[in-house]
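Hi,

Here is the structure I promised to pass on to you. Have a look at it first, and then read on for what turned up.

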Amino acid sequence: MITLYHYLILGGFLFCIGLYGALAKRSAVAVLMGIELMLNAVNINLLAFNRFLNPGDVTGHVFAIFVIVVAAAEVAVGLALVINIYRDRMTTQLDDFDWLKW
Amino acid sequence: MTSTIIFWLIAIIIMGSALMVVLLRNIVHSALFLVVTFVGVSGLYVMLQADFLAAVQLLVYAGAIAILLVFGVMLTVRGDIKYSNLFNRHKFTAGVVSLGLFLLIERIILSSDLLISNKPALESTVGPIADALLTDYVIPFEAAAILLLVAMVGAILLARGEGKPQ
């Protein structure tokens, strides 16, 4: 029998993989991929809570839709920034983005 | 019983392909495994009886966002594509932090006492979602529309660069 706990732990695992990708990767595009994984994990959690704790309502679904909207906006602006910086610096490695260091 | 087997199958696909996204050294392969992860998560939504969200997940994530990321890769990568997705020098610290966070989340989930409801799930979620979006959540809905417009204009302006249009 699959319970709420299975879904929550799967979501937690996916979130931690995404966090690892966002922290440990050198390429800016790979960091964006890690963030997408984290947002997906959050959506799994929202829908699982909605299904098991309050199945007659759609509050979790609405929140998941807003998370998807913000994720789409974030990845579009993030990639535009990466492409713009690439035009200037000819690199997408995050360690080379060091304008703010003195 | 069948749903148990399907859940574990989908869970293994999601966890395996998510690990591949992070661990592979070719960023194009990472992007392709990201699509597999998104499709698996969409299957999980079907199991949670969220039919509309499953369709949105396939369209927006597996369709649009994955293609956008592949575009980003194609427009920027230089040098050998086989080593385009390497780890930085915080590899081990990040691993310890992520593993610690996972153990903490797992402890909290397993020690919490959740009030499971036995009501049946909704037959179809499309109508109730439409009602909720246009009544209780109409202001966040409009704000999300403005956010998407601003993000689109901002992305076009940023990606176009400094040069004068021809």
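The C-alpha centres of domain 1 and domain 2 of chain B lie 23 Å apart. Domain 1 of chain B covers 1–82 and domain 2 of chain B covers 123–166, with bounds that come from an automatic or database domain assignment. Please keep in mind that this is a predicted model, where local features need pLDDT of at least 70 and side-chain atom pairs count only at pLDDT 80 or more, while totals for chains, interfaces and linings use all residues. Residues are numbered from 1 along each chain as its sequence is written, chains are lettered from A and ligands numbered from 1 in the order in which they are written, and side-chain values use heavy atoms, with hydrogens and water left out.

How do the two domains meet? Four residues of domain 1 of chain B are in contact (heavy atoms within 4.5 Å) with five residues of domain 2 of chain B. Between them these domains bury about 300 Å², 64% of it on carbon and sulfur atoms; buried area is the accessible area (1.4 Å probe) that two parts lose on being put together, summed over both. On the domain 1 side of chain B, the residues touching domain 2 are two nonpolar, one polar and one charged. Here nonpolar means Ala, Val, Leu, Ile, Met, Phe, Trp, Tyr, Cys and Pro, charged means Asp, Glu, Lys and Arg, and the others, Gly among them, are polar.

Now for the two chains. 83 residues of chain B are in contact with 71 residues of chain A, and the chains bury about 6900 Å² between them, 77% of it on carbon and sulfur atoms. In chain B, L48(B), Y61(B) and L158(B) lose the most area to chain A, together 9% of what that side buries.

Which residue forms a salt bridge with D95(A)? The partner is R89(B), with the closest N and O atoms 3.8 Å apart, and the count between chain B and chain A is one salt bridge. Helix 3 of chain B supplies the largest share of the side that touches chain A, 13 residues; helices here are DSSP runs (H or I, at least four residues), numbered from the N terminus. By class, that side of chain B has 59 nonpolar, 17 polar and seven charged residues.

Enjoy exploring!

Terms used. Salt bridge = Lys/Arg side-chain N within 4 Å of Asp/Glu carboxyl O. Helix = DSSP H or I, 4+ residues; strand = E, 2+ residues; numbered from the N terminus.
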